[in-house]
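User: Could you walk me through how to read a protein structure, feature by feature?
Analyst: Gladly; here it is, so let us look at it together.

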Amino acid sequence: MGARMAASSTELGRLIRIYRATHDLTQEELAAKLGVTGATISRWESGQSRPDARSVIALACVLEMTDDLEALMAAAGYSYQAATGATA
């Protein structure tokens with residue numbers, strides 16, 4: 001993982017942690033809503049791995065972060081336009 005990706009994954013993990021805490025969800029509760037394991041959420045939050053683009057969109061919906069979707073996609077290393085089909 002390159003330095004740029006590590007920084008992005010760390011930022012994404014920080015955002016997931018903040019929004020999860022705002023909704024008073026444990027990692028396991030968030031995982032259940034997304035159909036993943038608690039260990040997966042832990043890896044995302046710690047920057048050890050990153051969610052795929054579809055999971056980023058699901059996170060945004062579950063955590064009511066859709067206004068920040070473009071920033072989330074960028075933090076995960078994805079193009080917002082490519083992932084969502086949005087046009088500039």
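The dialogue below takes a few features in turn.

User: Before we start, what kind of model is this, and how are residues numbered?
Analyst: This is a predicted model, in which local features need pLDDT of at least 70, side-chain atom pairs count only at pLDDT 80 or more, and totals for chains, interfaces and linings use all residues. Residues are numbered from 1 along each chain as its sequence is written, and side-chain values use heavy atoms, with hydrogens and water left out.

User: How many helices and strands does the protein chain have?
Analyst: Helices (H or I, at least four residues) and strands (E, at least two) are DSSP runs, numbered from the N terminus. Here the protein chain has six helices and zero strands, giving the order α-α-α-α-α-α from the N terminus on.

User: What share of the residues counts as buried?
Analyst: Buried means under 20% relative accessible area, exposed means over 50%, and partly exposed is in between (1.4 Å probe, protein chains only). Of the 88 residues of the protein chain, 34% are buried by that rule. As for the surface, accessible areas come from the Shrake-Rupley method with a 1.4 Å probe, and for residues only the protein chains shown count as cover. The protein chain exposes about 5,000 Å², with 50% of it supplied by carbon and sulfur atoms.

User: Which residues have the most contacts inside the largest nonpolar core?
Analyst: A nonpolar core is a set of buried Ala, Val, Leu, Ile, Met, Phe, Trp, Tyr and Cys residues joined through side-chain atoms within 4.5 Å. The largest one here has 20 residues, and Leu-30, Leu-59 and Leu-72 have the most contacts inside it. At least two residues of this core come from each of α1 (3-22), α2 (27-34), α3 (38-46), α4 (53-62) and α5 (69-76). The largest share, five residues, is supplied by α5.

User: What does Leu-72 touch?
Analyst: Contact means heavy atoms within 4.5 Å. Leaving aside neighbours within four places in sequence, Leu-72 is in contact with Leu-12, Leu-15, Val-56, Ala-60 and Met-65. For the protein chain, among contacts with a separation of 6 or more, 54% join residues 24 or more positions apart.

User: Is Ala-75 buried or exposed?
Analyst: Ala-75 counts as buried because its relative accessibility is 8%. This residue is found in helix α5, and Ala-75 touches Ser-8, Ser-9, Glu-11 and Leu-12, not counting residues up to four places away in sequence. Ala-75 and Ser-9 are 66 residues apart in sequence, while their C-alpha atoms are 6.4 Å apart in space.

User: How do the axes of α4 and α5 cross?
Analyst: Two packed helices are described by the angle between their axes and the distance between the axes. Axes are lines fitted to C-alpha atoms, for helices over the stretch in contact, and angles run from 0 to 180 degrees between N-to-C directions. The axes of α4 and α5 come within 10 Å and cross at roughly 145°.

User: Which residues meet there?
Analyst: Ala-53, Val-56, Ile-57 and Ala-60 in α4 meet Leu-69, Leu-72, Met-73 and Ala-76 in α5. One of them, Ile-57, is partly exposed, with a relative accessible area of 27%. Ile-57 and Leu-69 are twelve residues apart in sequence and 7.1 Å apart in space, C-alpha to C-alpha.
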